[in-house]
Amino acid sequence: MIEYRREKAAVAAYDGNKRIGECTFTVENDVWNLEHTFVDKAYGGQGIAGKLVEGVCEAAREQGAFVRPVCSYAVHLFEKKPDVYSSVAAYDFYGWRSAPVHPVGEGFKGVRDQKHLYALLKKLWTRETCAPRLRDKWSAENPTLGQCSITAFLAQDIFGGKVRGIVLPDGSHHCFNAVGSSVFDLTSEQFGDTVLDYGNYVPESREEHFAKEEKRLRYEALKSSLLTLLTY
């Protein structure tokens, strides 16, 4: 019988006294960076790796910590099962630590909060939903590029609140959300290390944005994809 044990910065699997697998992490304040998952090949196909990751996540939940998947297995698992892992996951989008906001819009009850929405949208952002002027630069490694306005207005459909905009140096507006005391920007990662000033903003109008037919169609496509995903 396989036994799972919590160890220092790790959860390990044992078959008797034989250590057959491990999931190790480093600690950065309240974020655990899950860096390595290993299972002896002789024990493959038994779901041991998934149980090791879940063991780390369970320990993190108990200690009020968050888990950032770094190793390829954990990244794949978190992306495959956002319903399971989004609540404990550490993210890089602005405002991921904000107080959770919950759906008010009809048809979106399957979305738990803004972190869960981000995890779901990460599966849905594509070159086709990217703003046309940025499509040549869009990639799966930078999926939030050119998605800000359609994402912010979709988040408003789900959570209510306001859509705000930061005026960028080129005169374009970058959209983000404010719901009560929670301010979050699901597409902030496209700016890399550039720091945006979320205290200096202008209100954004749905009518003005969607007067552009191509933008409205991209928004409707993203919304439709999300609703389809939620039915599975």
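**Pockets, cores and cysteines**

Student: OK, where do I find the second largest pocket, and how much space lies in it?
Tutor: About 310 Å³ of space lies in the second largest pocket. It is lined by 17 residues, and Pro69, Glu79, Tyr91, Tyr118 and Lys122 are the closest to its centre. Keep in mind that this is a predicted model, where local features need pLDDT of at least 70, side-chain atom pairs count only at pLDDT 80 or more, and totals for chains, interfaces and linings use all residues. Residues are numbered from 1 along each chain as its sequence is written, and side-chain values use heavy atoms, with hydrogens and water left out.

Student: What counts as a pocket?
Tutor: On a 1 Å grid over the protein atoms alone, a pocket is an open set of points where a 1.4 Å probe fits, with protein on both sides within 12 Å along at least five of seven lines; lining residues have an atom within 4 Å of a point. Grid points are joined across faces, edges and corners, and the volume is the space filled by probe spheres set on the points.

Student: Which elements give two or more residues to the lining of that second pocket?
Tutor: Strand S5 (66–69), helix H2 (72–80), helix H3 (82–85) and helix H4 (114–121) do. H2 gives the most, with three residues. Helices (H or I, at least four residues) and strands (E, at least two) are DSSP runs, numbered from the N terminus.

Student: How do its lining residues divide up?
Tutor: Into ten nonpolar, one polar and six charged. Here Ala, Val, Leu, Ile, Met, Phe, Trp, Tyr, Cys and Pro count as nonpolar, Asp, Glu, Lys and Arg as charged, and the others, Gly among them, as polar.

Student: And the largest pocket, how much space lies there?
Tutor: About 580 Å³. It has 26 lining residues, with Arg133, Cys148, Ser172, His173 and Lys215 nearest its centre. Helix H5 (148–159), strand S7 (173–179), helix H6 (206–209) and helix H7 (213–231) each give two or more residues to that lining. H7 gives the most, with three. The lining of the largest pocket divides into eight nonpolar, ten polar and eight charged residues.

Student: How many residues does the largest nonpolar core have?
Tutor: It has 56, and Leu117 and Phe159 have the most contacts inside it. H5 gives the most to this core, with eight residues. Apart from it lies another core of five residues, including Leu168, Phe176, Leu196 and Tyr198. A nonpolar core is a set of buried Ala, Val, Leu, Ile, Met, Phe, Trp, Tyr and Cys residues joined through side-chain atoms within 4.5 Å.

Student: What does Leu117 touch?
Tutor: Leaving aside neighbours within four places in sequence, Leu117 is in contact with Val111, Ala155, Ile158, Phe159, Leu186 and Leu226. Contact means heavy atoms within 4.5 Å.

Student: Is Arg135 buried or partly exposed?
Tutor: Partly exposed, with 27% relative accessible area. Arg135 is found in the loop between H4 and H5. Beyond its neighbours within four places in sequence, Arg135 is in contact with Arg127, Glu128, Cys130 and Arg218.

Student: Last one: what does the whole chain come to in helices and strands?
Tutor: Seven helices and nine strands. Of its 232 residues, 48% count as buried.

Methods:
Buried < 20%, exposed > 50% of the residue type's maximum accessible area, 1.4 Å probe, protein only.
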